Amino acid sequence: MTKEEIIEAIEKMSVLELSELVKALEEKFGVTAAVPMAAMPVGGAAPQAAPQEEKTEFDVVLAGFDPAKKINVIKVVRETLNLGLKESKDVVEAAEKEPQKIKEALPKKDAEELKKKLEEAGAKVELK
């Protein structure tokens, strides 16, 4: 049987018969038709990445601090969060164990300003 005859035979098959043929080929050769087809570009064009929305809001996270500058960090946290001294100290000390969110959903500019202010005080800050 030639390739042309095989192609001609496949052309005459119904969708159900084609599905059964694919399953039989998968079982016979231990392969799957789904993965390669999903990875192939449609229409020969290179797959384009979906446009990603630019992130506009950031969480400012205190990830740690220089122990020598702990008091400076507490002052900035206190000022930023309008907390008492003890509460601010608790937030900063908790950052030693796990990162603490200082502010949520800030515009990029405000988040970067706060990050800069905290880093100048001796904090290690992440924007998420």
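The face of α6 turned away from its buried side carries the exposed residues Lys 109, Lys 116 and Glu 120, where exposed means over 50% relative accessible area, buried under 20% and partly exposed in between, with a 1.4 Å probe and protein chains only. This is a predicted model, in which local features need pLDDT of at least 70 and side-chain atom pairs count only at pLDDT 80 or more, while totals for chains, interfaces and linings use all residues. Residues are numbered from 1 along each chain as its sequence is written, and side-chain values use heavy atoms, with hydrogens and water left out.

Q: Why is Thr 80 called buried?
A: Its relative accessible area is 15%, and because the limit for that label is under 20%, the term applies.

Q: What places the buried residues on the same side of α6?
A: Ala 111, Leu 114, Leu 118 and Ala 121 are buried in α6. They cover an arc of only 90° around the axis, taken from the directions from the helix axis to the C-beta atoms, and therefore lie on the same side of α6.

Q: Which elements are included in what covers these buried residues of α6?
A: The cover includes β1 (57-65), α4 (70-81), β2 (100-107) and β3 (123-127); helices (H or I, at least four residues) and strands (E, at least two) are DSSP runs, numbered from the N terminus.

Q: Which residues does Thr 80 contact, leaving aside its neighbours within four places in sequence?
A: Thr 80, which has its place in helix α4, is in contact (heavy atoms within 4.5 Å) with Ile 102, Lys 103 and Leu 114.
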